[in-house]
Amino acid sequence: MLNGKHITLGIESSCDETAIGIVANGREMLANVISSQIDIHTEYGGVVPEIASRKHLENINAVIDKALEEAGCTIDDVDLIGVAYGPGLVGALLIGVAAAKAIAYAKDIPLVGVNHMHGHIAANYIEHLELEPPFMGLVVSGGHTNIINVKEYNTCEKLGGTRDDAAGEAFDKVARVIGLGYPGGPKVDKAAKSGNKDAVAFKRVYLENGSYDFSFSGLKTQALNYINTERQTGREINVNDLAASFQEAVVEVLVNKAVGAALEFGQKRIVMAGGVSSNSRLRELITEEAAKHGIEICVPSPILCTDNGVMIACSAYYAHLKGESSGYDMDAVPGLEF
Ligand code: KG4
Ligand code: ZN
């Protein structure tokens, strides 16, 4: 406890960020320390799992200390430990899980394993203090693209997901193909601002009628085919136009499916989460389309869209309120479902 408030420390190490968040009473952010490994992985054009685990191990204690300092508390003030135990890279997750168990055991405080995807949604509770379930969730990250009917805190029904590449993965792959580099999402977003979204006709893939699933793997091939055709005919490729056209194809499908789901299930709010939800065009178009139906959009600030420990702490707090806890036999579950 700190000044009479319940303190949760959240640990996130599922991919390439070693992140610790500290929250008071579940919703008040006291610290958000993110140690990104992006520079190391950029050299390889993507995340190298073995390197990620090693870096988490090197960083985690220092990141915990920094977060405690930022929050103005000590480990003795912490009442609850939350940790992302999946989905993610198994070796990376295990570092966070081991650290969480060690602290919980040493300090004799409860431990809660958090589904990383529930964590992404929970990031919204920090900045939208009035937000409570139920609502429709659109979770779009480097590894996942899901439409989720959120019924209660940490209780979700998955309505659809990607059948191949995640939205963020499509951004990363197409960015590589058009020479923008890694990570692709923010670079495509920036290039697209100076491009014409109608310049290249990318096919929108909606799958069967009424399906909330996605398929983005064809976009990379479409971009490659376009580049090859243009080169063969001696025309110069306008990267900004290509970025804007590709981005529009992804965003349009995400928006139509998310708004469609909210309407079908009678939800008045769509809550976005995950790295791709910081995409400026996605934010713009979904706000526009949702407003036509009286649906409100909630989205975290970019710093809470990406992987962080605050979202894990928040999700852990609500799991703890429901009486959930994990034992010291908790394992990492790389393929954990929603
Ligand atoms: O949620 P996140 O930080 O990590 C996980 O995958 O869990 O998401 C990272 C993904 C990357 O694929 C990155 O390219 C994408 O989010 N991303 C974006 C933007 N910022 C990050 N995609 C599109 N536009 C952006 N502005
Ligand atoms: Zn994530």
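Modeller: Let's start with a cut-off: a residue is buried under 20% relative accessible area, exposed over 50%, and partly exposed in between. This is a predicted model, by the way.

Colleague: Good. Why is Arg 204 called partly exposed?

Modeller: Arg 204 has a relative accessible area of 24%.

Colleague: Which residues line the largest cavity?

Modeller: Arg 204 is one of them, and the lining also includes Lys 203, Phe 216, Leu 219 and Val 253. The cavity has a volume of about 50 Å³. Helix α7 gives the most to its lining, with three residues. By class, the lining has five nonpolar, three polar and two charged residues.

Colleague: How do you know that Asp 76 is exposed?

Modeller: Its relative accessible area is 56%, and the cut-off is over 50%, so Asp 76 is exposed. Asp 76 also forms a salt bridge with Lys 107, with the closest N and O atoms 2.9 Å apart. Asp 76 lies in the loop between α2 (49-71) and β4 (80-86), and Lys 107 in helix α3 (residues 90-107), so the pair ties together parts 31 residues apart in sequence. Lys 107, at 35% relative accessibility, is partly exposed.

Colleague: What about Lys 322 and Glu 152: why is that pair called a salt bridge?

Modeller: The N to O distance is 3.9 Å and the limit is 4 Å, so the pair counts. Lys 322 is in the segment after α11 (309-321) and Glu 152 in strand β7 (residues 145-152), 170 residues apart. Lys 322 is partly exposed at 37% relative accessibility, and Glu 152 is partly exposed at 45%.

Colleague: How many salt bridges does the structure hold?

Modeller: There are 20. Glu 130, Arg 269 and Glu 296 are linked in a network of them.

Definitions and conventions:
Residues numbered from 1 in each chain as written. Chains lettered and ligands numbered in written order. Predicted model: local features only at pLDDT ≥ 70, side-chain atom pairs only at ≥ 80, totals over all residues. Heavy atoms only, no water. 1 Å grid on protein atoms, 1.4 Å probe; cavity = no way out; pocket = protein on both sides within 12 Å on 5 of 7 lines; lining within 4 Å. Points joined across faces, edges and corners; volume = space filled by probe spheres on them. Helix = DSSP H or I, 4+ residues; strand = E, 2+ residues; numbered from the N terminus. Nonpolar A, V, L, I, M, F, W, Y, C, P; charged D, E, K, R; others polar. Salt bridge = Lys/Arg side-chain N within 4 Å of Asp/Glu carboxyl O. Buried < 20%, exposed > 50% of the residue type's maximum accessible area, 1.4 Å probe, protein only.
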